[in-house]
Structure formats: C-alpha cells, structure tokens
Amino acid sequence: MDLKELRRTRRGRFMGSMLPYVGYIIQSGVAMVFLFVLIVFSAWYTSLLQNVPEGIPIRWIMLALLLPATVHSGFRTYLQTPDTIFLLPQGHRMKEYFAPSWVSGNVWKIIRLLFVLITLWPLYIRTDDSPKRLLFTVLILIAVKLIASYGLWKEIAMLSRPMAGVYAFLRWAVGGLIIAAWLWQPAGPSLIFMVLLAAAYLAALSVPGRHAVPWERLIAMENNQGARALMVLGWFVDVPGREQRVYSRRYLSKWGAKLPWRKDTAYRYLLTKSFARGDIFGIIMRISVLALLLNWWNRDSYFGTGIYLFFLFIIGVQLSALRKLHSESFWLTVYPFPEGSKADNTTQFVFRAHLVVALVLGLPFLASIGDRLMPVIFTLAAGIVVVFLFKGYLSRKAARLDDDDL
C-alpha cells in the first residue's frame, strides 16, 4: 500500500468537496469586504507609522501577536474512523503517511508567521530603542515554530491526557520565554538562554509514555478541523453534514442552569446551551478581546470607530451562523416546537447577544467622551444600527424560508 498516495487522494477528495462552495463565497461579497478591510487597515497603519504615539509598548505588542502565530500548530491527517481497522497493520509505516502532513502544516503556519512579522516590523523598528535584525528574528521564530510543532505531535501521542495538558502549557510557556528573551535581552545572552531552554524542553518531551500511533486522537482532531472548515463555509451557504465540537465549559454551567424553561422559548434554551459549549462562543470571545484592545488604543480617533464597526460586522457574521446550528438535527423534527418559534428564538438570541457585544466593545470610547462627545455618540449609535441591520437580515432569511415551506 502506498501511504503517501493514499493521503494525496484523501486530500484531493476533501479539497474537491470544498471547491463547489467557492462560487457562493465570492457571490456573497466577501471578496469586496476583504478588499475594503485591507484598504482601511493599510490607511490606518500608514497613518500610525507616520505619527507613532509616544511610549507605545511595542515589545509587548510583538510578544502578544507573535506568540500565538509561532506556538499554535496543527496538522491535517485526513484519517477516518475505519483506519483503526484497515490501516492498523500499517502502523509501523505510518511515518510515511504523517510526514507530508507535518511538513505542509508547518509550511502554511510559517507563511502565516512571516506575514504577521513583516506587518509588525515597520512599527517595531520605528519604536524600539535597540531593534534586533530581521534575518535573525525570522530564523529564531521559525525554529520556535518547528519546536512547538514537534511538541504538539508528542502531546497528541501521550498516554495520559492530563500530562498532555501540562505539556501543552509548557509548550506555550517555552515559546513565550524564548520570544521574550529575544525581544528584551541582548542577542548573545538571549541565544544562550534559548538554546538551553529548547534543549531542556526537547529532553522533557521524551519522558512521558506515548502511543506508537494515537489513532483515536488523530481522528478526533481531523474531524474537528474538517468541521471547522465546514462551519466557515456555512456562513455563506447551507453545507450538509456540518458538526460542531462540544466543549465542557463548567464555569458557564451555573448560568445555564438558571435559564427559564418554557415551551415557546424551548429552542432558545437549546440554542443558548449549544452556543455556550460550541466553537462560535470561543471565536467571539477571542475576537472581542482583540477588539477591546484595539478600540482602547484608538479610542481618540475615527479609526477606532472603523475598527469598532468592522469587528461588530465580523461578530455578526459569526452569530448569524447559529441559525444553521441544528438545521439537520433529527430530534428537532420530533419535539413539538410551536410553529415559527425556532426562527424567532434564533433571531432574538442573536440580536441580544450581538447587542451585548456592541455595548461591551463600546466601553473604551466612554473614556474619551469628555473631549469627543458627538463622535462617541455617533460611534455607539452606528454600532447599534449594525446590530439592527443583522436582526433585519435574519428576520428576512426566516421569512424567506417560511415562504419556501408553504
């Protein structure tokens, strides 16, 4: 059996299943939105480079943006559940199958890392008192990326899941310490520290026991990544067979237990629980934190208004995907929901969640309300308008689907 050819076939089959939806993505106007965002960002960044604020914490900004781009890793193995039976005899040869996944995963992640670094570099060399050389920085970050990728592969194969969690924290800590040492310390001492730390981390990876091939974990990881790709496509077109990953967020359990249970709001109860334990909640939380930081940084300019409205639009797109969350659930056809309640509950839930996010993201602008009363009022009002526009969009979608069912 040619394992490399098997992986190429599966990869081609997956990419082929994605291609029919590309036309729908283009028709949705996402290309024009992306171009508009790129133009706005370029204008804002150019203005920032021409008028750099005093005391900007550039090293902390570099660390905050480079750390996830460097340490976060992932692989597409395209493994399937039957492989635990049919490929099990090939376990001693699976390195042939996994090697292209590891290489391609790192290539794309390194390209992303270089894009982030090159974007930050003009600001870095203008604000740092003693900037490092670009070539050395690139080489160090690529080395950290490869070490983090190797560490993730070892974590997946570990016998103990709690131990794998400890090593995941260790991977992020080692990556953060290496990047921080390079940004804050002189080149010579920082290189010695980085080599010793990396050697200690690699040695520590050999301690825990590991599976030869962690079939179940690799298959689960592949299913999650495939579902994530389908979720993105689901923003633009109905995609059959979409699944969402379920997270155990115990810190939200008490809040969820207090939700009222009534027949007319039964679907909102289900949607709230699904949202709190799904991918979309985590995505919105990360986007919101980034938006809060950028809004605070640009609260005294109209660029802050543009950033605020842009992130509200992105979050609105994410929340709008909730209308398809249980579109293929068998149990929703069995449970007697009141007619029209599913669409109404979804619209109301998305509207309320979007409105809360809009108010929270607008808090940084209140710090400058004394000097910029009218711009702040305009910013918050524009944000609320965006929220109502999304509500209208969902209402029209729901009405159109009801008409199609008649």
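Colleague: What share of the contacts between residues at least 6 apart in sequence join residues at least 24 apart?
Modeller: In this predicted model, 83% of those contacts do. The chain has 17 helices and zero strands, and 42% of its 406 residues count as buried.

Colleague: What makes helices α7 and α8 roughly antiparallel?
Modeller: Helix α7 (residues 134-157) and helix α8 (residues 161-184) pack at about 175 degrees, with axes 10 Å apart. Angles over 145 degrees count as roughly antiparallel, so α7 and α8 fall in that class. Residues in the contact include Leu 141 and Val 144 of α7 and Ile 178 and Trp 182 of α8. The contact of α7 with α8 divides into 13 nonpolar, three polar and three charged residues.

Colleague: Why is the pair of Asp 128 and Arg 59 called a salt bridge?
Modeller: The N to O distance between their side chains is 2.6 Å, and the limit is 4 Å, so the pair qualifies. Asp 128 sits in the loop between α6 and α7 and Arg 59 in helix α4, 69 residues apart.

Colleague: How do you know whether Asp 128 and Arg 59 are buried or exposed?
Modeller: Buried means under 20% relative accessible area. Asp 128 is at 7%, so it counts as buried; Arg 59, at 19%, also counts as buried.

Colleague: Which parts does the salt bridge of Arg 171 and Glu 155 tie together?
Modeller: Arg 171 lies in helix α8 and Glu 155 in helix α7, so the pair ties together parts 16 residues apart in sequence. The N to O distance is 2.7 Å, and both residues are buried.

Key:
Residues numbered from 1 in each chain as written. Predicted model: local features only at pLDDT ≥ 70, side-chain atom pairs only at ≥ 80, totals over all residues. Heavy atoms only, no water. Helix = DSSP H or I, 4+ residues; strand = E, 2+ residues; numbered from the N terminus. Buried < 20%, exposed > 50% of the residue type's maximum accessible area, 1.4 Å probe, protein only. Contact = heavy atoms within 4.5 Å. Axes fitted to C-alpha atoms, helices over the stretch in contact; angles between N-to-C directions. Parallel < 35°, antiparallel > 145°, perpendicular 65-115°, else oblique. Nonpolar A, V, L, I, M, F, W, Y, C, P; charged D, E, K, R; others polar.
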